[in-house]
Each structure stands twice: as structure tokens, then as C-alpha cells.
Number of protein chains: 2
Amino acid sequence: MIEHTGSGDPARTLALLWRTQERVSRKGKPDLSVDRIVRAGIELADSDGLKALSMRRVAESLGVGTMSLYTYVPGKGELIDVMVDTVQATTGRETAQGWRAHLTYVARENLALYRRHPWLLQVAPSRTVLGPQVAAKYDFELRGLDGIGLSDVEMDSVLELVLGHVQNSARGLTAAAVTEKETGLTDQQWWDAAAPFLMTVFDPARYPVAARVGGAVGEAHQSAFSPEHSFEFGLEMLLDGVGRLIESRAL
Amino acid sequence: MIEHTGSGDPARTLALLWRTQERVSRKGKPDLSVDRIVRAGIELADSDGLKALSMRRVAESLGVGTMSLYTYVPGKGELIDVMVDTVQATTGRETAQGWRAHLTYVARENLALYRRHPWLLQVAPSRTVLGPQVAAKYDFELRGLDGIGLSDVEMDSVLELVLGHVQNSARGLTAAAVTEKETGLTDQQWWDAAAPFLMTVFDPARYPVAARVGGAVGEAHQSAFSPEHSFEFGLEMLLDGVGRLIESRAL
DNA sequence: CTACCGTACCGTATCGTGTACGGTACAGAG
DNA sequence: CTCTGTACCGTACACGATACGGTACGGTAG
């Protein structure tokens with residue numbers, strides 16, 4: 001289940017993200033607000049996953065009617081957009097010495113973000129959410145790459161590459177937990193149910209390398225060691241490549 | 001919208017993937033079949049996206065009632081699983097000289113696969129679909145990394161890293177098209193609608209680097225050059241890192 | 001040839017979505 | 001007190017997946 005966001009008018013979405021509406025509201029007593037709704041949405045998604053996020057459930061958790069939400073938020077897509085932007089603010093902004101330490105820090109912070117909010121992986125990254133928190137984070141992350149010889153486009157490409165790797169790693173790290181909640185089946189249970197059947201059908205003669213490697217990976221996975229190591233190992237490789245690029249630009 | 005797959009019994013799903021059921025069916029005249037259903041599903045997803053894939057629409061395109069599908073397929077999740085497995089068979093299997101050429105070939109083939117079937121990006125990669133085509137592809141892709149000094153787990157990690165990069169690149173490359181279909185808005189239209197508002201709110205003083213780099217990336221994007229280049233550039237970096245690893249293992 | 005029965009197919013119903021529309025009730029202004 | 005704008009919500013609709021209980025027919029047993 002990949003959720004698409006921001007259904008309609010971009011200007012409307014942006015106004016919401018940047019809170020431009022100046023909700024004066026003399027009349028009536030608004031006990032609801034965009035922030036309360038967004039907070040409730042984040043809580044719900046954190047605990048039960050994106051699939052469980054419905055307007056009805058958000059409204060219930062706030063003790064209001066479903067349609068009341070639409071006074072503050074144009075629709076579900078936009079709500080998710082604001083949730084995404086809001087959550088970016090929780091990443092750290094420490095300045096590190098040098099681009100390599102900076103990118104390592106950025107990678108770790110983003111990985112932690114995905115761990116706190118696994119549902120971010122379920123949101124389709126189709127059109128970037130251009131909210132204030134996203135902008136601030138983007139600015140911070142680029143700042144550590146500024147003035148070391150890379151072009152603007154290269155800075156963006158490098159950052160994108162690192163963040164992409166983080167996202168892949170996050171998938172590996174949180175997949176088990178998310179899938180377990182989604183399907184109600186432990187990885188172990190799933191394997192136990194699948195294994196006997198696979199035995200009869202997965203011919204090691206037809207797939208010799210896959211069988212051997214798959215087996216080894218399965219064993220390594222049980223020691224719960226592989227995903228973290230894979231993250232660090234991939235990051236090192238990337239940074240080495242980036243280092244070479246920077247050196248070539250510095251000449 | 002990320003679609004989750006394979007709802008229920010793993011054994012049932014695997015039996016479906018490997019076509020173990022031996023549908024003898026003396027009685028009645030089955031003009032329907034798993035393959036026909038899967039083909040229809042792939043066609044529908046190719047042209048209209050995963051979001052448009054509903055049991056009703058698949059049934060309609062086959063000229064049968066919705067519930068008839070359930071005679072052959074346990075549910076929508078399992079249908080998607082079979083679709084995913086089926087589509088893997090279309091990737092090339094040419095043997096290349098050396099691991100670097102092999103990985104480059106594998107990366108390109110996978111990128112092409114995503115281009116042919118963008119909906120693959122919308123399927124949650126939660127639990128690998130262990131079908132015959134996936135197994136065959138995995139085996140082929142690993143074979144080119146066998147016997148060059150890497151451990152089994154390392155072989156898998158390297159492959160995963162490359163495929164992850166391909167997936168990220170595929171997102172960049174196809175995002176525009178998919179999002180356009182999903183939202184009915186061109187990137188250009190979206191920007192035109194968003195730009196005037198962003199001007200008023202996106203303070204270059206607050207986000208100096210982001211503003212500069214974002215602008216440059218936007219311009220580069222218009223020349224439709226960046227994503228392909230980003231794919232190649234990232235791949236080179238990864239392969240350099242892998243080369244270093246292999247050298248260190250060869251000692 | 002008839003009776004039977006297993007199976008392919010499907011009509012209907014249930015429950016869950018997002019959200020459009022038309023109220024209702026209340027707070028503040030005149 | 002009247003008027004009006006707004007916060008909130010009840011209901012309805014158009015989808016979605018899929019459980020359940022038929023129906024109709026082809027092959028087989030007698």
C-alpha cells in the first residue's frame with residue numbers, strides 16, 4: 001500500500017503547509033485545529049501504520065465528527081503532506097567537521113527518522129512536499145556540501161544518492177516490523193509456513209547460486225546483524241565515490 | 001498509494017506462484033485461467049497504474065463477473081504477487097565479461113523493467129515474492145558475482161545495493177509520468193500553480209543554500225538531463241566501492 | 001437416457017473507504 | 001432581539017474487497 005498525496009490544488013496545499021490562512025475565527029469556538037489533527041494523524045500512523053489512517057479514525061481519536069476535519073484540511077492527501085512536513089522538524093541539526101562527517105550524520109539522522117515514523121516509507125515520494133520543515137532540512141543538509149568544489153546540481157545529486165541509500169536501508173531495517181503488523185505474521189511464522197513448500201519446488205539444481213546465497217543470507221538474518229552492517233557498508237562505498245568526485249573537482 | 005500484497009496463507013500464495021494446483025477441471029468449461037487474469041492485471045496496471053487495478057476492472061476487461069476471479073486467485077494481494085513474479089521473466093540474461101560489466105548490465109535491465117512496469121515501484125517490497133521468475137532472476141544476477149572472493153552474504157549485499165540504486169533512479173525517472181497520471185497535473189502545471197505562492201513564502205534569506213540549489217536543479221531538470229546522469233553517476237560510485245571491496249578480499 | 005453431482009461462474013450483501021452536500025446550533029455584531 | 005457567518009456534523013453516494021449462497025451445465029454412474 002503506497003499512499004499518494006496532495007490531490008488537488010498545489011496552491012491550497014502550500015498555503016496549508018505554510019499556515020498562511022490566518023484563521024481569525026471570531027465566531028464559534030474552534031476546539032479543533034490543523035495542528036491537533038496532524039498530531040492525531042501522526043500518532044495513528046506511528047502506531048498502526050498508514051493503512052490504518054482513515055479520516056474516520058482520526059476524527060474518532062479527537063472526539064469529533066468525520067466531516068469536521070474538512071473544515072481545516074482539504075482532504076486526506078493534504079493531511080498526509082502536512083504530516084510528512086511536520087515530522088521532518090525532529091531531525092538533528094548539528095554541524096559536523098567536513099563533508100564526510102556531515103553526510104554520515106545526515107544519513108544517521110534520516111535513518112532514525114524512518115525508524116520513528118516507518119509510515120514515511122509508505123508515502124509515495126512522487127512530488128516533493130515543499131513545506132517549511134522540508135525546506136529547512138534540505139537547506140541544512142546541503143550546507144555541509146557547500147563550497148567544496150561541487151556544482152549545485154552535483155550537491156543535489158550526492159545528497160539524493162545518500163538519502164536514497166538511507167531509504168533502502170530503512171526498508172530493510174523496518175520491513176520485518178511493518179510487514180508483521182500489516183500481515184499479522186512473524187517473519188519466522190511466514191518462513192515456517194513457506195519452507196516445507198519451497199523445499200519441494202525450489203530446485204537447487206535449477207537455481208544453484210540463489211539457493212546457496214539465499215540460505216546463507218537467511219542464516220545471517222537470524223543473527224539480526226545484516227541490515228545495520230549493510231547500511232554502514234553501503235554508506236562507506238558511496239562516500240568513497242563522492243570523495244573521488246570531490247578530489248577530481250578540486251584539481 | 002503503496003499496495004501491500006499476499007494477504008493470507010504463504011503456502012497458498014506459493015502454490016499459486018509455482019502453479020502447483022494442476023487444475024484438471026473435467027467438469028465445466030473454464031474459459032478463465034490464472035494466466036489470463038494475470039495478463040489482464042498487468043495490462044491494466046501498465047496503462048492506468050496500480051491505483052486503477054481493481055478486481056472489478058480486471059473482471060470487466062475479461063468480460064466475466066467480479067467474483068469469478070476468486071475461483072483462480074485467493075485475493076487481490078496474491079494477484080499482485082503473481083503479476084510481480086511474471087514480469088521478472090522479461091529481463092535479459094546475457095552473460096557479460098567480469099563483475100563490473102555484469103552489474104552494469106543488471107542495473108540497466110532492471111531500470112528498463114521499471115520503465116516498462118512503473119507500478120512495480122508502488123508495490124511494497126515488504127516480503128520478497130518467492131516465485132519461479134524471481135528466483136531465476138536472482139540466481140542469474142548472483143552468478144556474475146560468484147567466485148570473485150566475496151562471501152555469500154556480501155554477494156547479496158552488493159546486489160541489493162545496486163538494485164536499490166536502480167529503484168531510486170527509476171523513481172526519479174518515472175515519477176513525473178506516474179504522478180502526472182495520478183494527479184492529472186503536469187510537472188510544469190504544478191510548478192506554475194505553486195511558484196507564485198512559493199515566492200511569497202520561501203525566504204531565500206532563511207534557506208539560502210536550498211534556494212540556490214533548488215533553483216539550479218529546477219533549471220537542469222527542464223533540460224531533462226539530470227535523472228539519467230544521476231543514475232550513471234551513482235552507479236559509477238557504487239561500482240568503485242565494490243571494486244575496492246573485491247580487491248581487499250582478493251589479497 | 002436419466003439422475004446425479006461437482007464445478008465454473010456470478011448476484012447480492014456487508015463492511016470499509018473518501019468526501020460532497022445540506023443542514024444545525026451557536027457566538028458575536030448591530 | 002435579530003441577523004449573519006461559521007464550526008461542526010448526519011446522511012448519502014460512489015467506489016473498494018470479498019464472504020456467502022445460489023444457478024446452470026458438463027461429465028459420469030446406473
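Q: How many salt bridges does the structure hold over all chains?
A: There are 24 of them over all chains. This is a predicted model, in which local features need pLDDT of at least 70 and side-chain atom pairs count only at pLDDT 80 or more, while totals for chains, interfaces and linings use all residues. Residues are numbered from 1 along each chain as its sequence is written, chains are lettered from A and ligands numbered from 1 in the order in which they are written, and side-chain values use heavy atoms, with hydrogens and water left out.

Q: Why is the pair A:Asp146 and B:Arg212 called a salt bridge?
A: The term asks for a side-chain nitrogen of Lys or Arg within 4 Å of a carboxyl oxygen of Asp or Glu.

Q: Which residue of chain B forms a salt bridge with A:Arg212?
A: That partner is B:Asp152, with the closest N and O atoms 3.0 Å apart. Across the interface of chain A and chain B, the rule finds six salt bridges. There are also 14 residue pairs in polar contact between the two chains, both residues at pLDDT 80 or more (N or O atoms within 3.5 Å, one able to donate a hydrogen and the other to accept it, with sequence neighbours counted only if both atoms are side-chain atoms).

Q: Which helix gives the most to the side of chain A that touches chain B?
A: H7 of chain A does, with 16 residues. By class, this side of chain A has 44 nonpolar, 16 polar and 14 charged residues (Ala, Val, Leu, Ile, Met, Phe, Trp, Tyr, Cys and Pro count as nonpolar, Asp, Glu, Lys and Arg as charged, and the others, Gly among them, as polar).

Q: What makes the two copies related as by a two-fold rotation axis?
A: Chain A can be laid on chain B by a turn of 180° and a shift of 0.0 Å along the axis, with an RMSD of 0.0 Å (least squares on C-alpha atoms of residues with pLDDT of at least 70 in both). The copies are thus related as by a two-fold rotation axis.

Q: Why do the copies meet through the same surface?
A: Because 100% of the interface residues of chain A are also interface residues in chain B. The contact (heavy atoms within 4.5 Å) takes 74 residues from each of chain A and chain B. About 6600 Å² is buried between them, and carbon and sulfur atoms give 68% of that (the accessible area, with a 1.4 Å probe, that two parts lose on being put together, summed over both).

Q: What pattern does chain A follow along the sequence?
A: The pattern is α-α-α-α-α-α-α-α-α-α, in keeping with ten helices and zero strands (DSSP runs numbered from the N terminus: H or I of at least four residues for helices, E of at least two for strands).
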